[in-house]
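Below are some notes on the model you sent. Please read them alongside the coordinates.

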Amino acid sequence: MKILLISTAFNGMTQRIRQELLQSNHTVSVELAISSKHMLEAVALFKPDLIICPFLTKRVPAEIWQNNPCLIVHPGIEGDRGPSSIDWAILQEKNSWGVTLLQASDEMDAGNIWGTANFALHCNYSKSKAYRGEVIRIASKLVGYAVRNVENNTISTRALDYTNKNVKGQLMPKMDQSIRKIDWLLDDTKTVLRKIRCADSCPGVLINIAGQNLYAFGAYQEKELVGPPGNVVATNHDSVCIATIDGAVWIRQFKVKPTNGNKTLKLPASLVLNKFRQPLPTYLPNKDIVNYDLGYLGDEISIEFKGNVAYLHFDFYNGAMDTNQCARLTDAFLSLKDNNDINVIVLMGGDQFWSNGIHLKVIESTENPAEESWKNINAIDDLVQEILLCENKLTVAAIRNNAGAGGAMMALACDKVVVRDGVILNPHYNTMGLYGSEYWTYTLPKRVGQKMADKLTTECLPILASYANKINFSDELFDEDWRKFHCQLESYCKNLAEIVTFPDRILTKKLEREINESIKPLDEYRRQELLYMHECFFDEKSLYHIERKKFVYKEPVLETPKRLAIHRVHQHNLDLEILR
């Protein structure tokens with residue numbers, strides 16, 4: 001079938017649904033919902049058999065849904081309606097939530113229901129974690145069922161019926177800041193956490209710290225510290241700890257409330273306060289490396305031991321890694337490399353992203369973005385180099401969540417790469433105007449071949465975990481279910497660490513490294529990559545500086561990229577012919 005995806009952004013859900021439909025041999029085109037005009041043009045040009053809207057914040061023009069089967073993914077249980085679906089579910093402490101696939105109609109979220117399914121909404125879930133995890137997983141399944149029903153002409157829908165006692169959802173208003181507002185003298189820690197988590201990663205909760213109006217994101221609980229409610233009582237690397245009436249919470253990110261039309265960036269919390277020259281309390285001890293455990297929930301970097309296997313977690317917000325974070329992660333890796341009690345080091349990434357490479361927002365916020373870009377790329381290269389040259393341990397990249405750009409390439413430095421089913425990878429740099437580094441010119445062709453490496457890095461399209469495994473980007477494809485994945489991972493790593501076979505594995509690894517080094521030294525790959533990157537960073541007219549600004553400030557796009565909108569490629573070619 002010809003299937004058109006209309007989406008506000010080419011986000012994780014839209015990418016996954018697109019790739020799964022392509023994998024099922026459908027012809028798929030994407031149109032970003034820039035305006036009604038753009039949506040109508042896309043339908044006229046593509047003439048789709050089915051329209052799916054995975055992520056949409058605008059109304060679909062009536063002319064489209066009245067004349068085409070048009071399905072909307074709504075992140076709520078049956079009957080739930082409104083733009084703040086997951087927000088209300090988290091704030092009201094629902095223990096389960098759902099996703100509903102429905103027909104577009106004149107009344108928002110009230111069309112005929114094509115399918116719905118629920119999931120457990122854990123008490124520590126933020127909106128972003130629920131969406132990027134269970135919501136996307138269920139939505140992809142509901143879309144798959146619907147597409148097969150259309151193909152087989154077995155469509156079965158039902159009208160929304162609020163008289164049905166099984167329909168638990170209802171129309172809810174948009175949640176504004178008056179509802180999210182934190183009263184530091186009345187709200188306990190649990191309430192503060194809910195308010196911030198239900199606004200993560202957008203729009204955040206507006207709070208005032210030391211006279212500054214800031215949106216707060218990424219909250220987790222502090223177990224020991226106390227202080228005057230609403231006051232900053234500690235910092236730990238990028239995070240800031242604020243006291244509540246019965247404890248304290250850590251805030252990972254702040255965004256200054258824009259004034260006078262100025263745009264601001266979501267940045268590490270301590271960095272934002274430092275810009276206002278706020279006196280901050282002394283940093284807490286670096287528990288994540290000193291203690292070697294996961295007991296201190298919330299540390300960006302933490303290490304978990306299971307027998308002679310070490311699991312290195314690096315839960316950086318949105319997967320971005322700034323210069324300091326790269327250096328800290330390198331230190332953590334080196335501490336494990338020197339640990340004689342372990343045989344295998346597993347790089348786990350974070351709970352929402354594995355890694356997305358250098359930190360573009362921190363770079364943008366500095367006085368000299370070119371210099372900071374250079375520092376950042378060298379810091380992540382230093383980490384990748386240590387992984388590649390680790391000769392006394394086996395290394396495993398456990399890609400549990402989406403990864404992109406330098407983050408996706410960083411995984412390839414490990415001896416083994418395992419990926420969780422359903423994960424989306426974007427192993428390319430060109431859309432940001434970059435050549436790329438992280439030793440990708442060595443690791444990527446070695447795994448997938450030069451032809452496929454060129455394809456991945458020039459077409460700039462996402463790939464599914466299953467496809468990544470098929471082309472040898474990864475060694476193993478494990479179950480999408482979170483618990484099953486970790487069971488499979490633990491068994492796999494335990495086998496790699498077996499004392500009987502481990503020495504032979506290490507010897508094989510060393511011999512392979514010696515052969516590769518004799519052909520072309522690692523230093524030469526890095527030198528050549530950084531020559532290109534230096535030009536990208538230090539040429540003021542570089543596309544990188546333009547695209548970075550557009551990305552971090554979320555500037556609206558004027559048209560859908562041709563690599564996504566195949567319906568516009570033909571029109572583009574016709575326009576060129578007319579011009580000739």
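1. Which helix does Thr443 lie in? Thr443 belongs to helix α14. The model is a predicted one, and the remarks below should be read as describing that prediction.

2. Thr443 has a relative accessibility of 1%. Buried means under 20%, so Thr443 counts as buried. Leaving aside residues up to four places away in sequence, Thr443 touches Leu388, Met409, Leu412 and Ala413.

3. Helix α14 spans 440-448 and also supplies at least two residues to the lining of the second largest pocket.

4. The space in the second largest pocket comes to about 480 Å³. The pocket is lined by 22 residues, and those closest to its centre are Cys414, Asp415, Lys446, Lys509 and Glu512.

5. How do the residues of this lining divide into nonpolar, polar and charged? In the lining of the second largest pocket, 10 are nonpolar, nine are charged and three are polar.

6. On annotation, the UniProt record, an unreviewed entry, places the feature "domain: Formyl transferase N-terminal" at residues 36-119. In the model, the span 36-119 is 26% helix and 29% strand. The C-alpha atoms at the ends of residues 36-119 lie 33 Å apart.

Definitions and conventions:
Residues numbered from 1 in each chain as written. Predicted model: local features only at pLDDT ≥ 70, side-chain atom pairs only at ≥ 80, totals over all residues. Heavy atoms only, no water. 1 Å grid on protein atoms, 1.4 Å probe; cavity = no way out; pocket = protein on both sides within 12 Å on 5 of 7 lines; lining within 4 Å. Points joined across faces, edges and corners; volume = space filled by probe spheres on them. Helix = DSSP H or I, 4+ residues; strand = E, 2+ residues; numbered from the N terminus. Nonpolar A, V, L, I, M, F, W, Y, C, P; charged D, E, K, R; others polar. UniProt positions renumbered as here; feature names shortened; annotations may be inferred. Buried < 20%, exposed > 50% of the residue type's maximum accessible area, 1.4 Å probe, protein only. Contact = heavy atoms within 4.5 Å.
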